[in-house]
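Could you walk me through this protein model, step by step and in plain words? I am new to reading structures and would like to know what to look at.

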Amino acid sequence: MASSSSSSSSSSLSSILSIVVVLILIVSTAESVKSPFHPRDLLPHLPRQVSWPILNSLYGAADLLPTFIGTASSGNDSVDWKGACFFENTAWLEFHNKSGSEFGGGTLHIKADKAHSWTCMDLYVFATPYRVTWTWYFISRQHTVEFPEWDGKAEYEYVKNKGVSIFLMHAGMLGTLQALWDVFPLFSNTGWGESSNLAFLEKHMGANFEPRPEPWVTNVTTDQIQSGDLLAISKIRGRWGGFETLEKWVSGAYAGHSAVALRDSEGKLWVGESGNENDKGEDVIAILPWEEWWAFEQTKDDSNPQIALLPLHPDVRAKFDVAAAWKYARSMEGKPYGYHNLIFSWIDTVSENYPPPLDAHLVASFMTVWSQMQPEYAANMWNEALNKRLGTEGLDLSDVLVEVEKRGSSFDKLLAVPELDDWIYSDGKSTSCIAFILEMYKEAGLFGPLASSIQVTEFTIKDAYMLNFFENNASRLPTWCNDNDSVKLPYCQILGKYRMELPGYNTMEPYSHMNEQCPTLPPKYNRPDNC
């Protein structure tokens, strides 16, 4: 009886699935015809085992990102667009002073028409540098969003000149909820979280995760690890796994963290790492004995790290000034991780570093929301760095946005201004994990006469492992390198279930101002010469 019931259930499920797929295909070929119901609108009402696999194919974590529609201004200016539900939409802004305040407020008018079904809806986010609000529409008519009172003269002047930014959640309410369901597991410290991260990177970057033969940890003998050897790390579950997945997606890097080997005058091996968590839970720059660092990665790092050792080429190693490297490392020990300039190594251009539908407008709105929720965190993440680019001090995000407009520039141009290595922040120099290592390389002489014309805070982890600093002769790799794997990588993977890919590894000759104007668009992340 159990077998018969299972067969009947499977047959019914297959029939329902076939019907839904046919409906989707029919509607997709006749989208201009308004129907009472749209198959995507009906999916939540179907059995979960039917609806969720289909929703997973239609929507993903990237669908959480709104699409920038335009800015609604006063006067005769209006913005028109096609929504996810309503195909004809128009918006315009009307100033008023219903509050009787000094600068009054305004009404955003939105006319929504030509819905593709009776059951769909459009979800919107509206933003100025001073506020963010959202709403949804499922009726064809003129709607309004009220701004009872502007936040002083600054917001009044900004909206008068630039308008209110409009963002469409192009996946709609259902798709957005589904995308939320997909993005949460990226940060989950579970097998579900790990598989979600792998699936995201496979879908959006074309990454492969080929299993390695066991054992997944190499019996490393440290006598073959030398000062300057790079450790490329990829975390695939938990808080850092989710963060690294998004970092990899926007930057094109196939690793999300890094550390560097150092030997002291007595031959003892150490690891320098920017982003090591101290006893207070703070991410700082630390110099740890190899044994302590390696034991933690094997037994206590719950992000399931995949780690590769990238040995320096003998000619490069001969240039490596170990004393200068140690002097720099000691000067940075205990300082905070480089949150100030973290995002600026990725953003080099006005528009070609943002995976669609991400763009500078969305970045500004995200910053606005975060600044309201966590003002101290926001100041640490970007306010100081934006002030550096403007040559100002103490401006918060809204003031920065207004100041940019006053100067006749734009926020997207400001984001693309290169970071300078000698900028000093309120807590000292700011270096991310890879900037810490590359600044050490500069101090140790690896960039030679180019050092003064290269800003390593503009480098992503991908930019670092593409440098032709590393060993290119497999016979000189450590004897234990890739010992248990039939696939011989050009570097030594020492930990992890999956083979680490590093596309473009060891191929880039350093040059002046490198990585200051490079696009990074998925899935190919094509890089022009001398960018």
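Asn 530 counts as exposed, because its relative accessibility is 62% and the cut-off for exposed is over 50%. You will find Asn 530 in the segment after strand 14. Its backbone deserves a look too: Asn 530 is not a glycine, yet its phi is positive, at about 55 degrees. Keep in mind as you explore that this is a predicted model.

Now turn to another asparagine, Asn 482. This residue also has a positive phi of about 55 degrees although it is not a glycine. Asn 482 is placed in the loop between helix 16 (461-466) and strand 14. Is Asn 482 buried or exposed? With a relative accessibility of 5%, Asn 482 counts as buried, since buried means under 20%.

Pro 215 sits in the loop between helix 6 (191-205) and strand 9 (230-234). A cis peptide bond also links Pro 522 to Pro 523, here with omega near 0 degrees. To find Pro 523, go to the segment after strand 14 (492-495).

Next, let us see how two helices meet. Helix 10 covers residues 322-332 and helix 15 covers residues 433-443; their axes lie 8 Å apart and the helices pack at an angle of about 140 degrees. That angle makes helix 10 oblique to helix 15, because angles over 145 degrees would be needed for roughly antiparallel. The crossing of helix 10 with helix 15 is right-handed. Which residues of the two helices make the contact? Helix 10 contributes Ala 324, Ala 325, Tyr 328, Ala 329 and Met 332, while helix 15 contributes Phe 436, Glu 439, Met 440 and Glu 443. Sorted by class, this contact has seven nonpolar residues, two charged ones and no polar ones.

Finally, step back and take in the whole protein. It has 16 helices and 14 strands. The chain has 531 residues, and 53% of them count as buried. If you take the contacts with a separation of 6 or more, 71% of them are between residues 24 or more positions apart.

Conventions:
Residues are numbered from 1 along each chain as its sequence is written. This is a predicted model: local features need pLDDT of at least 70, side-chain atom pairs count only at pLDDT 80 or more; totals for chains, interfaces and linings use all residues. Side-chain values use heavy atoms; hydrogens and water are left out. Axes are lines fitted to C-alpha atoms, for helices over the stretch in contact, and angles run from 0 to 180 degrees between N-to-C directions. Helices (H or I, at least four residues) and strands (E, at least two) are DSSP runs, numbered from the N terminus. Angles under 35 degrees count as roughly parallel, over 145 as roughly antiparallel, 65 to 115 as roughly perpendicular and the rest as oblique. A crossing is left-handed if the near helix is turned anticlockwise from the far one by less than a right angle, and right-handed if clockwise. Contact means heavy atoms within 4.5 Å. Ala, Val, Leu, Ile, Met, Phe, Trp, Tyr, Cys and Pro count as nonpolar, Asp, Glu, Lys and Arg as charged, and the others, Gly among them, as polar. Buried means under 20% relative accessible area, exposed over 50%, partly exposed in between (1.4 Å probe, protein chains only).
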